[in-house]
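Student: I have a model open and would like to talk it through with you. Could we start from a single residue and work outwards?

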Amino acid sequence: MTARLGWALAAVLAIAGCAQGPERVVERRDTMTPAPRGAALLKTAMIDGHNAARAAVGVAPLTWSDTLATTARAYAEQMARTRKFAHAPQPQGMTREGENLWTGTRYAYVYTEMMGHWVAEKRDFINMPTPGFSRTGNFEDVAHYTQIVWRGSTQVGCAMASNTTDDYLVCRYSPPGNVVGERAY
């Protein structure tokens, strides 16, 4: 697998219920300088990245939710502690949150790169009803992107946690996207 595609192994499905995570990949780095971190930087990169992707397809911008960021933080911390990279179990119904997950080598990526990995899935997206929205025939290949641009989602909150080797990014969405039978926009 090429280095440019190695990030794909660092991402997991945006559609809940997929419990198995990808094989861990350790990326070659050109520098040992850690990527910049911080809650304000994360919030800016995530809201700007989400809203740029949404504007590109004519979907209204998302607003930041501190409540969603809090639930995202709790789950990111749990994954970092347990080293289990999988979607959070959530109840069906009104309290369900949409979820995008990302993991990669600790300090190897800046926030905009993490966001860019999800948005890059657009290359395989076709605006057909869920789950038929991937040119590859595999909805998992575009499910992060579709959650980002899902027209019915109005809020996002994201957080990141790390352990000694990995970063875990979680973004939560309300209302959740990737609804079977509906189009992203």
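Student: Which residues does Ser65 touch, leaving out those up to four places away in sequence?
Tutor: Ser65 touches Gln155, Val156 and Gly157, where a contact means heavy atoms within 4.5 Å. This is a predicted model, in which local features need pLDDT of at least 70 and side-chain atom pairs count only at pLDDT 80 or more, while totals for chains, interfaces and linings use all residues. Residues are numbered from 1 along each chain as its sequence is written, and side-chain values use heavy atoms, with hydrogens and water left out.

Student: Is Ser65 buried or exposed?
Tutor: Ser65 counts as buried because its relative accessibility is 7%; buried means under 20% relative accessible area, exposed over 50% and partly exposed in between, with a 1.4 Å probe and protein chains only.

Student: And where does Ser65 lie?
Tutor: Ser65 lies in the loop between β1 and α2, and it caps the N-terminal end of α2, with a side-chain oxygen 3.3 Å from the backbone nitrogen of Thr67. A polar contact here is a pair of N or O atoms within 3.5 Å; within protein, one must be able to donate a hydrogen and the other to accept it, and residues adjacent in sequence count only if both atoms are side-chain atoms. The helices (H or I, at least four residues) and strands (E, at least two) are DSSP runs numbered from the N terminus.

Student: Which residues of α2 are buried?
Tutor: In α2, the buried residues are Leu68, Ala69, Ala72, Tyr75, Ala76, Met79 and Ala80. Seen down the axis of α2, they fall within an arc of 140 degrees, so they line one face of the helix; the arc is that of the directions from the helix axis to the C-beta atoms. On the other side of α2, Asp66, Thr67 and Arg81 are exposed.

Student: What do the buried residues of α2 pack against?
Tutor: They pack against β1, β2, β3 and β4. Helix α2 (residues 66–82) lies across those strands and runs at about 25 degrees to β3, whereas helix α1 (residues 39–56) lies across β1, β3 and β4 and runs at about 135 degrees to β3. The axes are lines fitted to C-alpha atoms, for helices over the stretch in contact, and angles run from 0 to 180 degrees between N-to-C directions.

Student: Staying with α1, what covers its buried residues?
Tutor: The cover includes β1, α3 (111–119), α4 (143–149), β3 and β4, and the buried residues of α1 include Leu42, Met46 and His50. After α1 comes Gly58, whose phi is positive, near 75 degrees.

Student: Switching to the sheet, in what order do the strands come?
Tutor: Four strands form an open sheet in the order β1-β3-β4-β2, with mixed pairing, where two strands pair if DSSP finds at least two bridges between them. The edge strands, each pairing on one side only, are β1 (63–64) and β2 (98–105).

Student: How many bridges join β3 to β4?
Tutor: Eight bridges join β3 (residues 155–162) to β4 (residues 166–174), and the two strands run antiparallel; Ala159 has Val170 in β4 as its bridge partner. β2 and β4 also pair in the antiparallel sense, over eight bridges, with Trp102 opposite Leu169 in β4.

Student: How many residues of β2 are buried?
Tutor: Eight of its eight residues are buried, and for the chain as a whole 48% of the 185 residues count as buried.
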